[in-house]
Amino acid sequence: MTIPADLKYTKEHEWVRIDGDTATFGISDHAQEALGDIVFVELPEIGRTIDAGEAYAVVESVKAVSDVYAPVAGEVIEVNEALESEPEHVNTDPYGSGWIAKVNIGDGQVELLTDDEYTTFLEE
Amino acid sequence: MTGLQKTPLYDEHVALGGKMVPFAGFEMPVQYKNGALKEYTFVREGGAGLFDITHMGQVRVTGAGALAFLQYVTTNDVSNLIEGQVQYSALLNEAGTFIDDITTYKISDTEYYLCINAANRHKDVAHLQAHAERFDACTVDESDDTTLLALQGAAAQAALQPLVDTDLESIGYYKFARVNVHGTPGIVSRTGYTGEDGFEIYIPNSIAVDVWTQLLAGGAEPIGLAARDMLRTEMGYALYGHEISDAVTPVEAKLMWITKLDKGDFIGKQAVADRKAAGPQKRLIALKLTGRGIPREHYAVFVDGEKSGEITSGMHSPMAGGVALAYVKPEHAESGELSVEIRGKQVAAERTTLPFVRSNVRR
């Protein structure tokens, strides 16, 4: 299982990459492994304003439907449309081609963990 | 997971990376390390998929009155069975609703073998015993001593042949033979729940690990519950607790083909005949989403904007897309604009025919 050092994580197993005003969201390697084969991703609409901790997307595996929560607040500026036809990217490359959405960062964030803190959280 | 039973193959599942989950009172593998989609594909695309379905129950019925007894407690016509034949059937209560769906194996005029669902085992056994007393028939629950494997897929016959002393080519669809498996007596039937050619293999627990290991060594791959449910849903096969339950009769469940109202008296017959005459209260349909999404169990089905019923089994089929079985009001079974409510939104759907994907069983 990989936990890149340049990302922040949430206790709901999302990751966020903060780059200036923009944040990119996805789910962690641990999350994709626990969910199993992802067969459907429901993406948010561009322009939607989401609060920190709000469910902004849905990932569906063979057996389960799971909400995905926003690590930080913001307005959706880009979504990974490739996931509509190839949701398996969430499994095969959760921190890369499996990204879900990008937001223009607004006010508020949930508790964000460093890679070390997330590793410790997973071990507990 | 306390209080759950383990099959004799539990350690094998764990060693193969099986993700164990509670299922019908057992700890069973929902998938192995490669995941459900790869397992599904292996079975559909020519492999030999190996399933531990030991959770299912088996009841042996013997005695001079065995036939009369089974004619009375099951819905199908047991007098039509020949030795070595398997029959899909059901147990109903007096209200005509399902206690279980079963398969009946005819060993001889005085000996039959029933395969029943795990979750219904104790209810079924009590029901059978309660009625056997009136006939010269004896029922024995052999579930705890029996391991049941399914080997499914185009390569199943080639993978199983080296372990048995009977030419499997001689066993037709829904036929069985009593064979030596790995030198020990067992039953092999050309039956299954996947829509592929294949076998179900009943053996004593004592040889379960040996047979499992040898089948894997011969190229079979283990398949978990998630892929099993995908394969059965694509065929539109009913599953107890989903399409059938003690709330529906064979009239609603489209199972009148296993319910022979002309065979003489059986439990539930009058209620089913009355329901058939009055018309079903709801009807089972097959649907396919035309919009994006995955139709899942319990999602509401709408017809012309009115809530009509709900999904009983639904999935994302890699071959057919979003497909589902659903009960709707009788007047909506054949016409009206269909949609499925997914997270508060109406997603368009259309009626389709079963199976959702082509069946490859050997007829």
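1. How many of the eight residues of helix 3 (residues 66-73) of chain B are buried? In this predicted model, six of them are, so helix 3 of chain B is largely enclosed by the rest of the structure. The buried residues of that helix are B:Ala66, B:Phe69, B:Leu70, B:Gln71, B:Tyr72 and B:Val73. Their packing partners, again in chain B, are strand 4 (57-62), strand 5 (86-92), strand 6 (98-108), strand 7 (111-116), helix 4 and strand 8.

2. Helix 4 and strand 8 of chain B, both of which pack against the buried residues of helix 3, are also joined by a salt bridge between B:Arg121 and B:Asp141, with 2.9 Å between the closest N and O atoms. B:Arg121 belongs to helix 4 (residues 121-132) and B:Asp141 to strand 8 (residues 138-141), and the pair therefore links distant parts of the chain, 20 residues apart. The two partners can be told apart by their accessibility: B:Arg121 counts as buried at 9% relative accessibility, whereas B:Asp141, with a relative accessible area of 25%, is partly exposed.

3. Turning to the contact between the chains, 16 residues come from chain B and 15 residues from chain A, and the two chains bury about 1300 Å² between them, 47% of it on carbon and sulfur atoms. On the chain B side, the residues that lose the most area to chain A are B:Arg292, B:Arg296 and B:Arg343, which together account for 45% of what that side buries.

4. The rule finds five salt bridges across the interface of chain B and chain A, and nine residue pairs in polar contact, both residues of each pair being at pLDDT 80 or more. Helix 2 (36-44) and helix 7 (225-235) of chain B each supply at least two residues of the side that touches chain A. By residue class, that side of chain B divides into six nonpolar, three polar and seven charged residues.

5. B:Arg296 meets A:Glu60 through their side chains, at 2.6 Å from N to O, and a network of salt bridges links A:Glu42, A:Glu60, B:Arg296 and B:Arg343. B:Arg292, for its part, forms a salt bridge with A:Glu84, where the closest N and O atoms are 3.8 Å apart. This pair crosses between chains, from the loop between strand 14 (283-289) and strand 15 (300-303) of chain B, where B:Arg292 lies, to helix 2 (residues 82-85) of chain A, which holds A:Glu84. B:Arg292 counts as partly exposed at 39% relative accessibility, and A:Glu84 likewise counts as partly exposed, at 41%.

6. Over all chains the structure holds 23 salt bridges. One of them, within chain A, joins A:Glu78 to A:Lys102, with the closest N and O atoms 3.9 Å apart; the criterion is a separation within 4 Å. A:Glu78 lies in strand 8 (residues 72-79) and A:Lys102 in strand 9 (residues 101-109) of chain A, so the pair ties together parts that are 24 residues apart in sequence. A:Glu78 counts as partly exposed at 36% relative accessibility, and A:Lys102 counts as partly exposed at 24%.

7. Why are there zero disulfides in the count, when chain B has cysteines such as B:Cys115 and B:Cys138? A disulfide is a covalent bond between the sulfur atoms of two cysteines. The search of the whole structure, which finds zero disulfides over all chains, asks for sulfur atoms within 2.5 Å. For B:Cys115 the nearest cysteine sulfur, that of B:Cys138, is 19 Å away, so B:Cys115 is in no disulfide. B:Cys138 is likewise in no disulfide, its nearest cysteine sulfur being that of B:Cys115. B:Cys115 is buried, with a relative accessible area of 6%, while B:Cys138 is partly exposed, with a relative accessible area of 40%.

8. A last point concerns B:Ala208, which is found in helix 6 (residues 208-217) of chain B and is buried, with a relative accessible area of 0%. Leaving aside neighbours within four places in sequence, B:Ala208 is in contact with B:Pro8, B:Leu9, B:Thr147 and B:Ile203. By contrast, B:Ala277 stands 69 residues away from B:Ala208 along the chain, and their C-alpha atoms are separated by 48 Å.

Technical notes: Residues are numbered from 1 along each chain as its sequence is written. Chains are lettered from A and ligands numbered from 1 in the order in which they are written. This is a predicted model: local features need pLDDT of at least 70, side-chain atom pairs count only at pLDDT 80 or more; totals for chains, interfaces and linings use all residues. Side-chain values use heavy atoms; hydrogens and water are left out. Contact means heavy atoms within 4.5 Å. Buried area is the accessible area (1.4 Å probe) that two parts lose on being put together, summed over both. A polar contact is a pair of N or O atoms within 3.5 Å; within protein, one must be able to donate a hydrogen and the other to accept it, and residues adjacent in sequence count only if both atoms are side-chain atoms. Helices (H or I, at least four residues) and strands (E, at least two) are DSSP runs, numbered from the N terminus. Ala, Val, Leu, Ile, Met, Phe, Trp, Tyr, Cys and Pro count as nonpolar, Asp, Glu, Lys and Arg as charged, and the others, Gly among them, as polar. Buried means under 20% relative accessible area, exposed over 50%, partly exposed in between (1.4 Å probe, protein chains only).
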